[in-house]
Amino acid sequence: MKQKLVYYFSPTGGTQKIAEAIGKYAECPPVDIIVDAYDAEADADALIYFCVPVYGGRVPKPMYERMQHITGKKTAAVVVAVYGNNEVGDALVEMSDLCEKSNFRVIAGMEMIAQHSLTPKVATGRPDAGDFSKLESFVKEVEAKYAKEDFSAPKLPGNHKYRRYVGLPIKPAGSLSCVGCGMCFDNCPVGAIPEKHLRRTNALKCISCMHCVHVCTTDSRYIPKADQLVVYAYLKKKGAIARKEPKLYI
C-alpha cells in the first residue's frame, strides 16, 4: 500500500478538525507537529497532506523549522490553509514553496475555514457540516488525480513575494488563578513562556497562536475581552463576518 499521511499544525483545534477529517476521507493517519519536530522522509510514491492555520495571510513561523525535518523524494503533496474567515493571503503559495524546498511537489491546494482563534464571534462553529461535505469532495478529487499519477502543479492564490507580517500586539497571559501545572510551558510551539514565571509571556517570541489558552487546564490563560472586541471590530470592517466557502485548487 502506498504511504499517505496528514501533517498538521493546530494551536486551537480548528486545523486539527480539518486534518482528522482528511485522514478519515483519505484513510490515512494524521500527525500532530505543533510542539515537536517530526523527523520523517516520505516515499517517492506517497501522498502527503500539510494542514496549517493562516496568520496575517502567512504560514506560522514554526513551519519553517518543522519542514526542515520532513523531506520527500519528489513526493506528491497537498497544501491546506485553514483561516478564520478573513483571507488566505499568501499562505498557500508560501506553504507550497516550503514543500518544494523539502523535495515535495504540490499537486493541489485547499482553503478551509475554522472558527477564528482570537474571537469566537467570527466563523462560529466552523468547520461545519457543509464544510466537511465539501472537504470530502475535495479529497476525492485529489485522490483521483494522484491515482492517475497526474503531478501537475495547481495555480495557487497569493504572491511569492510574501506580504509583510510582524505578528499581533495581542499576547495571552496567565491570571492569578494559574496553578503552575506547566501545560502552557510544555506545549508552547515557540518557547514563549518562561518555566519559572508561567503567568508571563515573552512578547518577542509569542506568535499569538493561542495554543497556551487552548491547553490551559484552569482557564487562567486568556486574552482580555477588550482585545477580543477590537479584533472583532477590525475583522467586521474588513468584511470577515459574511460567510466564506472552502476552495480547491487542482
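Analyst: One term to begin with: contact means heavy atoms within 4.5 Å. Also keep in mind that this is a predicted model.

User: OK. Which elements do the buried residues of α1 pack against?

Analyst: They pack against β1, β2 (30-32), β4, β6, β7 and α4 (129-147). The buried residues of α1 are Gly14, Thr15, Ile18, Ala19, Ala21, Ile22, Gly23 and Ala26.

User: How many residues does α1 have, and how far does it reach?

Analyst: Helix α1 covers residues 14-26, which is 13 residues, and spans 19 Å from the first C-alpha to the last. That is close to the 18 Å expected at 1.5 Å a residue.

User: What comes just after α1?

Analyst: Glu27, which has a positive phi of about 55°. Most residues other than glycine have a negative phi.

User: Is Ser208 buried or exposed? And Asp219, buried or exposed?

Analyst: Ser208 is buried, at a relative accessible area of 4%. Asp219 is exposed, at 65%.

User: Now the strands. How many residues of β6 are buried?

Analyst: Nine of the nine, so strand β6 (residues 75-83) is largely enclosed by the rest of the structure. Thr75, Ala77, Val79, Ala81 and Tyr83 are buried on one side, and Ala76, Val78, Val80 and Val82 are buried on the other.

User: And how many of β4's residues are buried?

Analyst: Seven of its seven residues, which leaves β4 mostly covered. Leu47, Tyr49, Cys51 and Pro53 point one way from the strand, and Ile48, Phe50 and Val52 point the other way.

User: Which strands does β4 pair with?

Analyst: β4 runs parallel to β6, with seven bridges joining the two. β4 also runs parallel to β1, with five bridges. Some bridge partners: Leu5 with Ile48 in β4, Tyr49 with Val78 in β6, and Cys51 with Val80 in β6.

User: What is on from β6?

Analyst: β6 pairs in the parallel sense with strand β7 (residues 104-113), over nine bridges. Thr75 stands opposite Phe104 in β7. Between β6 and β7 the chain goes through helix α3 (residues 91-101), and this β-α-β crossover is right-handed.

User: Phe104 is aromatic. Which aromatic cluster is it in?

Analyst: Phe104 forms one cluster with Tyr7, Tyr38 and Phe50. The count of aromatic pairs is three. One of them is Tyr7 with Phe50: the ring centres are 5.6 Å apart and the planes are at 15°.

User: Why is that pair called stacked?

Analyst: Planes under 30 degrees apart count as stacked, and the planes of Tyr7 and Phe50 are at 15°, so this pair is stacked. The pair links distant parts of the chain, with Tyr7 in strand β1 (residues 4-8) and Phe50 in strand β4 (residues 47-53), 43 residues apart. Tyr7 and Phe50 are both buried.

User: Which lysines sit over a ring?

Analyst: Lys2 has its charged end over the ring of Tyr146, 5.5 Å from the centre. Lys121 lies over the face of Tyr232, 4.2 Å from the ring centre.

User: How far is Val231 from Ile250?

Analyst: Their C-alpha atoms are separated by 33 Å, and the two residues are 19 apart along the chain.

User: Last one. Which peptide bond is cis?

Analyst: The bond from Arg126 to Pro127 is cis, with omega near -5°. Pro127 is in the loop between β7 and α4. For background, most peptide bonds are trans.

Notes
Residues are numbered from 1 along each chain as its sequence is written. This is a predicted model: local features need pLDDT of at least 70, side-chain atom pairs count only at pLDDT 80 or more; totals for chains, interfaces and linings use all residues. Side-chain values use heavy atoms; hydrogens and water are left out. Rings of Phe, Tyr and Trp (its six-membered ring) pair if their centres lie within 6.5 Å; planes under 30 degrees apart count as stacked, over 60 as edge-to-face and the rest as tilted. Helices (H or I, at least four residues) and strands (E, at least two) are DSSP runs, numbered from the N terminus. Buried means under 20% relative accessible area, exposed over 50%, partly exposed in between (1.4 Å probe, protein chains only). A charge sits over a ring if NZ of Lys or CZ of Arg is within 6 Å of the ring centre and within 35 degrees of the ring normal. Two strands pair if DSSP finds at least two bridges between them. A crossover is right-handed if, with the strands pointing away from the viewer, the path from the first strand over the helix to the second runs clockwise. The expected span of a helix is 1.5 Å times one less than its number of residues.
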